[in-house]
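Please look over the sequence and the structure shown here. A short report on them comes after.

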Amino acid sequence: MLTLSVSLHHYLILAAVLFGIGLFGVLTKRNAVAVLICIELMLNAININLLAFNKYITPNDFIGQIFSIFVITVAAAEVGVGLAIVIAIYRNKLSVNLDEFDWLKW
Amino acid sequence: MVEFAMHNAWLVPLLPALSFLIIIFLTKPWKKLSALVCVAGMVLSCVIATLAAYGVFTNHEFTEKPLVYSVRWFSMAGLNIDVGVQLDPTSAMMMFMVTLVASLIFIYATGYMEGDPGYSVFFSYLSLFGASMLLLVVSSNLLQMFVAWELVGLCSYLLIGFYSHKISAREAAKKAFITCRVADFGLLLGLLSLQIVFGTLNLTELAEKISHFEQYTTMGILTLIALLVFAGPIGKSGQFPLHVWLPDAMEGPTPVSALIHAATMVVAGVYLVGRTLFLFHEVPTAMELVAVTGGFTALFAASIAITQREIKRILAYSTVSQIGYMMLALGLGSLTASMFHLWTHAFFKALMFLCAGSVLHALHHKADVWEMGGLIKKMPITGWTFVVGGLAIAGVPPFAGFWSKDEILLAAFDTGHYVLFGMAALTAFMTAFYMWRLIFLALFGDEKPENHPHESPLNMTLPLIALAVLSAVGGLVGTPWAPFWQEWIFFGHPHHADPNYLIMIGSVVLALAGIYLAYNLYCADKTRAKAHALAERYRFFWTVSYNKYYIDEIYLWFNHTFIDGAARLFYLFDIYVVDGVFVNGIAAITRLSGEGLRVTQTGRLQNYALVFFLGVLAVAVVLAFTDPSTAAGLTGGVK
Amino acid sequence: MNGFPVLTTILLAPVAAALIMTFIPRNESKLIKCIAAVGTFVSMALSLYVYFSYDTALGGLQFAEKIPWIRDLGVNWFLAVDGISLPMLLLTNLIGFSAVFASWNVDNRPREFFILLCLLITGVMGTFVAHDLFIFLLFYEVVVIPIYILVIIWGSSKRVTKEYAGMKLTIYLLIGSAFLLVGVIAFFVKAAGVLGQPNMSFTALAEAGKQLSAFDQTWLFALMLFGFGSLVSMWPFHSWSPDGYAGAPTAVSMIHAGVLKKIGGYGLVKIALYMLPVGAKFWAPYMAVLGVAGVTYAAFAALAQKDLKYIVGYSSVSHMGYVMLAIGSFSVIGINGAVANMFAHGVMAALFFSTVGFIYEKTHTRWIPDLGGLARQVPRLAVAFMLAALASLGLPGLISFIPEFTIFVASFKVYGGLAVIGIAGIILTALYALRAGANTLFGPPREEYDHLEDIRGPEMVPLVVLGTVLVVGGILPSLLFDMVNSGAATLMTHVESAVKLGGVFK
């Protein structure tokens, strides 16, 4: 019998794929804004994980939900700061191409 | 009074020390007052010393058992050092002689140093010297003696270099100190060995223990110790081969030369050997060495003195030579003769130096005897007292030097050291010759028109007269017919030699022959053509003698080549090997490894993130493929 | 003053001064200097009081203060003095007080300078009064930071730059202290095993230490020897010393050569030797060899110098060689000599550096060929210089002679010929000390220095304080030796009984 019920595994696979896409983007994108977006993807993948675990393992608590709200909040702040930095860099260099920046060197 | 003086003989060194402090801290701005403080301190010391000496020389007990009192200086487990006073005829005599001569010279100095900008400082140094020298004399402990020994060395250094703006004075002072330091190194080793072997440095205890030294050590070690101890006197008393500093020391003001480099400090070596004769007495080898060193130095220095031109240098070599005599006597075991010569020598040599000072004072420090002449007419007191000194040192009876020199010759002859006896006799002849060469050149003959000599003031001539009297009669305390000296100052048991008229007459003949030869060459012959011809004929010997056998040059060369060479070598090693290779090398390795590793810092965020990701991946893989219990251990033991 | 925490007061007086200074406007430089002087004076007066009221007949630890601090590690705020630490404490304060006056003319950021100086003095004092290994290490590390800052800001650059000098000094000592720290921690852990509970107090550690196996004691001692040895500028780990002193400002050179260096010797005696007797016995001959090597080597190197500070720097390395030789002789007399010599050298080196500092300040050079004839122009300075030089060459009547003599007695007895090489150092010392003196002070006066002003007022303090100690200590050595001996005798009794035991688990 084929039942199409959604289990924890599905959520985890979805999250893993989403995380992988995000990570790939972070490691390969040249554009700083794209990198920030990819970071959002990774964070959301984790949110999915948190909510899925909450639903299937501790359905009576709200720990996962609370944590995902935390993550969303922090992510919002982080994007704010990140975009601000990107804009500041852009103003200086007229570019957001990460390959051009190696200021962390030495 | 006598009782008080004997039991408080520590006051003798203390009073000049107080003078020193008073001058330095209080009276320095007032020159006359400083001089007064200095002289007063020494004269008071002299009074106490005289009383104490009187006490000692009236009680025969002290020849057997000295009066000793001391306090503990410092102590720890296995090392206890006392300081104190040891009064016996030898030290009482020395104390009396030093305070007497020093008082006279201090008085002389008040005139001689007139107008010097460092007047007060000079007198403070003199006081300090007096204190140190007297401390040395009264010492009951060898370490105390060593302390005083070094302190007199310091004073000598300060006073030689008194005209420190002159480079020659500065270098001479340094040379004196360093040369003595080399010798003191030996002495210090000797003292250390004594302390380690016998466990004490007190003179009386040491004498007791060394008399049966077999219980403590072997003959070989004792010989070594004696030789080490003797190194000190070689330096301080200007014996060959460390005599080089003494002639240079004449850079100091003349009262200093008289006091330190003739009468007192340089005989400290003789005194030290005399004090530790119980040690040398046990070691025949050391005794021989002392005698040979003394005899050789006497002859050697005399052979230099005959060609020198500077008045004080001649006197300096004569001092070296005369101290050689004293050493010779000690080496022959005759404390009596040695101390006797020390006693008479102090008077006539101090006298001659002071006369030389008076001459220099009059001639504005023109020192070459060939440029003097006929001074006796303008400076009668200086001149005639000088002549008295000359007679005394030449050994013409009844002047002081005759008796003591006779005693030494007798000792050499009686103990069968005929070679040394011959050397001593030859030295006596040469001494008479070069001393009278000096006298004839400087005092007699034609006056030089460019010189305008004048007699020195009273405070300079009075000490001269006093010393001249002492030089004339000072030897009468120990004539063969009235051997007062011989009964009091001796080692072991009193030495009563019958007067040997052959030696007596012989030595008088030698002295007169020397004087006559000098008269012939330098006085009778106004052109001195014979003297020049003689020098020309023996050109080689004359040059060698005039250049002091080139010993200074050899030492200088040695010092420059080896000591400074080693210094440079060590320094370069330090900079280039210890510092360069090791210290900076390790620093360089650190830096280079840092430089190698920093290539990994690309500064690109994404590279870092990639590495981070790979790291996490690696950890995950490792954990996935390891046993759960091990994995738990790896991750910190969380269940 | 029973119950009054006098040692803590001594420690805190300079800290209090430093705190007050932080509230003073930076341009009030006179006031700042006065506060520093008062702070160090309080410490000096109190430590003199402690020195003279210490009962040497009774011996042992006196003026003890003990407050539990970190119970889990057995750490207490345990301050106490004995016959070995008390001379060092006094020395620190004498030099600290003098150092304030030697830097009376510092104009560049005086407030920061004196604050750091006060902290430095406190740090050094702390190591000497601590009777708890943790407290000792704490102060040991406290010392390093002010030194570094003082050198790189107020130092002077000659052969090497002051940055190089400061860096070298700091890193060298940190490397040394890293090894030391490893040794101490390993020792602490092992000792805790023996004692059954952690304890950091010297006494307890010494009891535990002698029960360790000979092997453990030996390697633990080696670590400490390297750590303390590099601090005491033991050859060949000395090369920080001449460069460091040359680069450092006067006050730092004084404190560093005078006392800080002595922490190494003090640690070797009071910690390494005391706690690990068997290890010390094993290493003693090596220490003696390194000591003699240091004496001769540094004396020769000093002979080749033309910069006054380098001469004094190498000379201090040379003198510390005697301390190593003395500790290597492994006897009561040797330890007496070692501690007394550290005291003597401290006074002498501090006076030397302060004098050189003044000469440099006035003539703007330390290069000997550029100097000469100063005795006429600055006589009081010349007196100070000669006093220090003469003390350096071990002239009897000044403080350093008796300690050296003591060391010679101890080492000659044990090492014979080796010691003779070391003793020969007195000739070389005389050579370089007198050369330096002669070429700087004597000879024809130079015109360009005719206008120089002699030291006066506050500048005289180092000469008066240190000079007095030099002379008094030389004439009355028992003042020093009664104290030192009361400590050294107790210590060596413990050590010798422990050596007989020879390590428990062998």
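## Chain B overall

This is a predicted model. Chain B holds 29 helices and 2 strands. Along the principal axes, the C-alpha atoms of chain B fill a box of roughly 120 × 60 × 55 Å. The radius of gyration of chain B is 33 Å, whereas a compact globule of 639 residues would have one near 26 Å.

Of the 639 residues in chain B, 56% count as buried. Contacts in chain B between residues at least 6 apart in sequence were also sorted by separation, and 80% of them join residues at least 24 apart.

## One residue in chain B

B:Phe421 lies in helix 21 (residues 418–442) of chain B. Is B:Phe421 buried or exposed? B:Phe421 counts as buried because it has 22 C-beta neighbours inside 10 Å, and the cut-off for a buried residue is 20 or more.

Leaving aside residues up to four places away in sequence, B:Phe421 touches B:Leu409, B:Ala412 and B:Phe413. B:Leu328 is 93 residues apart from B:Phe421 along the chain, and the C-alpha atoms of the two are separated by 9.6 Å.

## Contacts between chains

The contact of chain B with chain A takes 10 residues from chain B and 9 residues from chain A. On the chain B side, these divide by class into 4 nonpolar, 4 polar and 2 charged residues.

The contact of chain C with chain B takes 41 residues from chain C and 37 residues from chain B. Several elements of chain C give two or more residues to this side, among them helix 11 (277–303), helix 13 (332–363), helix 18 and helix 20 (478–501). By class, the chain C side has 31 nonpolar, 8 polar and 2 charged residues.

## Two helices in chain C

Helix 15 (residues 379–392) and helix 18 (residues 425–441) of chain C have axes that come within 9 Å and cross at roughly 170 degrees. Helix 15 of chain C is therefore roughly antiparallel to helix 18 of chain C, since angles over 145 degrees count as such.

Which residues of helix 15 of chain C meet helix 18 of chain C? They are C:Ala382, C:Phe385, C:Met386, C:Ala389 and C:Ser392. From helix 18 of chain C, the residues in this contact include C:Thr429, C:Ala433, C:Leu434 and C:Gly437. The residues of the contact between the two helices divide into 8 nonpolar, 4 polar and no charged.

Note on methods
Residues are numbered from 1 along each chain as its sequence is written. Chains are lettered from A and ligands numbered from 1 in the order in which they are written. This is a predicted model: local features need pLDDT of at least 70, side-chain atom pairs count only at pLDDT 80 or more; totals for chains, interfaces and linings use all residues. Axes are lines fitted to C-alpha atoms, for helices over the stretch in contact, and angles run from 0 to 180 degrees between N-to-C directions. Helices (H or I, at least four residues) and strands (E, at least two) are DSSP runs, numbered from the N terminus. Angles under 35 degrees count as roughly parallel, over 145 as roughly antiparallel, 65 to 115 as roughly perpendicular and the rest as oblique. Two residues are in contact if their C-beta atoms, placed from the backbone, lie within 7 Å. Ala, Val, Leu, Ile, Met, Phe, Trp, Tyr, Cys and Pro count as nonpolar, Asp, Glu, Lys and Arg as charged, and the others, Gly among them, as polar. The radius of gyration is taken over C-alpha atoms; the globule rule is 2.2 Å times the number of residues to the power 0.38. A residue is buried if 20 or more other C-beta atoms lie within 10 Å of its own, exposed if 12 or fewer, and partly exposed in between; C-beta atoms are placed from the backbone.
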